[in-house]
Amino acid sequence: MANIAAKRIKREFKEVMKSEEVAGGDIKLELVNDCWTELQGEISGPPDTPYEGGTFLLEIKVPETYPFNPPKIRFMTKIWHPNVSSATGAICLDILKDQWAAALTLRTVLLSIQALLSAAEPNDPQDAVVAKQYKENHELFEMTAKHWTNIYAGGPTCICEFNQKVQRIQDMGIDEHQARVALSTYDWELERATEQLFC
Amino acid sequence: MGNNIEDDVIDLTSSFTLVDQRGLANVIIDLVSEDSFNSSLQTKCVAKKHSQALTACIEKNSSGSQKKEEPRILKKFGDCPICMEELGKCPMSSTNCGHVFCSNCLEQSLKFEKRCPTCRKYLKGKLAYHPLYLSSD
Ligand SMILES: [Zn+2]
Ligand SMILES: [Zn+2]
């Protein structure tokens, strides 16, 4: 790893550990390997959002050319959000792409991702299905996002109706997550979701 | 959100010098003005709170403990935003937007993108940046 990249990640790591956000449990940062090329981030779901009470893990890969190129970050925890792929966890956030600036840090990036959870950009989606639901059936979007937070991120709100529907499809021999994706995609209409899974 | 903003400000004051605070405040404002980044009202509101709070911090610093702080600020220019090493140990350069880096760091960054590493101002040509000399050099 290039000298400047490793040096900077070390400095940043120390900085994050001292930060108020870490002290307050808002964000976390852990090392994954010894050569400082891979880290694991953690953000808590912001209050007054469907992600509240959830803990979301992020995979952070530091390129050789850091900080001149942005870190590669994706959600490891499954999340239902217009700007995050529900399949791969890829994030659509301009500062991780063409708006990156070398003065930005892992701390500011983690806080920006957390801010994205509070203020989605459905018109610049990463996941078109989620974005469509966000715009056309917002109440259902919020319920679905809460349900995913409950199942995958340890969120507090259990939505029994959704759990039952997932179980119904599981009983037909379909994998739990696959069932959840189909139901979430088809606005929790059991028939359409089943139809799609067996076509 | 409310808590984050507060935390942010407290952290900036505690771990950066005056020079850095201005730099970071600029980052935040500039990112918001880029139209693709969170154009919602909420974010603009956040940015305003940021800069107001930072201004308040700066004012407090410069009026409150002036005699104590002044020598430290003159000696220490904060850290280079790219390598995070203390500025002044290596030759420094300033962009024409006023952001200061190690000359090496800035030149390396400009090889990747012709923009200021702090505020993303487009930097081109010979006047884009210039060396800074301290009187002690
Ligand atoms: Zn430097
Ligand atoms: Zn600048």
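Colleague: How are the donor residues of the zinc ion (ligand 2) spaced in sequence?

Modeller: Please keep in mind that this is a predicted model. The zinc ion (ligand 2) is coordinated by Cys97(B), His99(B), Cys116(B) and Cys119(B). Along the sequence, these donor residues follow the pattern C-x1-H-x16-C-x2-C.

Colleague: Which distant parts of the chain does the pair His99(B) and Cys116(B) link?

Modeller: The two residues are 17 residues apart, and both are buried. His99(B) belongs to the loop between strand S1 (92-95) and strand S2 (100-102) of chain B. Cys116(B) belongs to the loop between helix H5 (103-112) and strand S3 (129-132) of chain B.

Colleague: What is the geometry of the site of the zinc ion (ligand 2)?

Modeller: The donor atoms are SG of Cys97(B), ND1 of His99(B), SG of Cys116(B) and SG of Cys119(B), at 2.0 to 2.4 Å. Four donors count as tetrahedral if all angles lie between 85 and 135 degrees. The angles among the four donor atoms here are 104 to 119 degrees, and the site is therefore tetrahedral.

Colleague: Turning to chain A, how far apart do the C-alpha centres of domain 1 and domain 2 lie?

Modeller: Chain A is divided into domain 1 (3-118) and domain 2 (128-198). In the contact between them, 14 residues of domain 1 of chain A meet 20 residues of domain 2 of chain A. The distance between their C-alpha centres is 27 Å.

Colleague: On how many sides of helix H6 of chain A do the buried residues Phe162(A), Val166(A) and Ile169(A) lie, and what covers them?

Modeller: These three buried residues belong to helix H6 (residues 160-170) of chain A. They cover an arc of only 60 degrees around the axis, and therefore they lie on the same side of H6(A). What covers the buried residues of H6(A) includes H5, helix H7 (176-185) and helix H8 (190-198) of chain A.

Terms used. Residues are numbered from 1 along each chain as its sequence is written. Chains are lettered from A and ligands numbered from 1 in the order in which they are written. This is a predicted model: local features need pLDDT of at least 70, side-chain atom pairs count only at pLDDT 80 or more; totals for chains, interfaces and linings use all residues. Side-chain values use heavy atoms; hydrogens and water are left out. Buried means under 20% relative accessible area, exposed over 50%, partly exposed in between (1.4 Å probe, protein chains only). Helices (H or I, at least four residues) and strands (E, at least two) are DSSP runs, numbered from the N terminus. The arc is that of the directions from the helix axis to the C-beta atoms. Contact means heavy atoms within 4.5 Å. Donors are N, O and S atoms within 2.8 Å of the metal (3.2 Å for Na, K and Ca); water is not among the atoms, so sites may look incomplete. Four donors count as tetrahedral if all angles lie between 85 and 135 degrees; four count as square planar and six as octahedral if opposite donors are over 155 degrees apart and all others between 65 and 115; anything else is irregular. Domain bounds come from an automatic or database domain assignment.
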